[in-house]
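Work through these exercises with the model open beside you. Try each task before reading its solution.

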Amino acid sequence: PGNGSGGNHTLQVIDTTSIAQGVGGGIAFGGNFVGSTETLFAEIRGIKENATSHDFDGALVFSTRLEDASIAERMRISSDGKVGIGKAPDTLLHLYSTSASKPILKIENEQGGGNPVSIQMLRNTSSPDDDDFIGQIDFRSMNDASTPEEINYAYINSQSTDTTDGEEDGEINFFTMKAGTLTRTMTMQSGEVGVNDSDPAKILSVKATGNDDGISLKNSSGNFLALIHQQDGDAGMLRLYDESSTVKIALNADS
């Protein structure tokens, strides 16, 4: 027994042979199997996490054995309180896998009724303000540079655009990468949707980026059926096409 961090008696497991990185006392779990061979199948170990001789950062490592392989680390609580599953963590919660279609984060509830399973992002502040950012989901991967770089190809974020009590408004923005630049692609704001429009004024608003840009309707072969778009001089145009994508009707508001 010894004094723990709270001053109470604790059970201490100490490795006195070394203070090297990755070494520390632990608890192992095992049993005797074929031929009375003692085999370990899991362990919990407190280790010295840092290689610096006088830096005693401590981590808690959970390891298990899969089939006939050696015991391997599965989860770690690092010295700064981060949790890693499959890898030493570099964020508050880090899931890692080398297997296809993994890792998967699964949240399950067996109850029926009208109460959904949820993921909540809460900005708990005593001084909320309009346009505060609440949360963001990033979609990241590598590019094909000579030394591959981690790129944020798309993300979704949310804002509290009006925090007035009883008059609260919210916004969700969808960004996608376009020619190397993250571009706001769609905005859902206070019950209205804007495509390429960060401030939609109607239930659905589509903002052109220049001439010949707008809304298209295509047939099953991918040819145009109809097109509403911006014509020269910011004027509007409606075009209707036949089955071979030839313009048959054109209404042009330019002059």
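**Exercise 1.** In which strand is the place of threonine 187?

Solution. This is a predicted model. Find residues 181-189, which form strand β12. Threonine 187 has its place in that strand.

**Exercise 2.** Decide about threonine 187: buried or exposed?

Solution. Take the relative accessible area of threonine 187, which is 0%. Buried means under 20%. Threonine 187 is therefore buried.

**Exercise 3.** Describe the surroundings of threonine 187.

Solution. Start with the side chains. Those of threonine 187 and asparagine 173 are joined by a polar contact of 3.0 Å. Next, list the touching residues, leaving out those up to four places away in sequence. Threonine 187 touches Glu171, Ile172 and Asn173, among others. Its partners also include Glu192, Val193, Gly194, Asp197, Ser198 and Pro200.

**Exercise 4.** How many helices and strands does the protein chain have, and why is it called more spread out than a compact globule?

Solution. Count the elements: zero helices and 18 strands. Then compare two values. The radius of gyration is 29 Å, while the globule rule gives 18 Å for 255 residues. The value for the chain is well over the rule, so the chain is more spread out than a compact globule.

**Exercise 5.** Describe burial and charge in the whole protein chain.

Solution. First, burial: 18% of the 255 residues count as buried. Second, surface: the chain exposes about 18500 Å², with 52% supplied by carbon and sulfur atoms. Third, charge: there are 18 positive and 37 negative side chains. The centres of these two sets lie 7 Å apart.

How values were computed: Residues numbered from 1 in each chain as written. Predicted model: local features only at pLDDT ≥ 70, side-chain atom pairs only at ≥ 80, totals over all residues. Heavy atoms only, no water. Helix = DSSP H or I, 4+ residues; strand = E, 2+ residues; numbered from the N terminus. Rg over C-alpha atoms; globule rule 2.2 N^0.38 Å. Buried < 20%, exposed > 50% of the residue type's maximum accessible area, 1.4 Å probe, protein only. Areas by Shrake-Rupley, 256 points an atom, 1.4 Å probe, with all protein chains shown as cover. Lys, Arg positive; Asp, Glu negative; His and termini not counted. Charge placed at Lys NZ, Arg CZ, Asp CG, Glu CD. Polar contact = N/O pair within 3.5 Å; in protein donor to acceptor, adjacent residues only side chain to side chain. Contact = heavy atoms within 4.5 Å.
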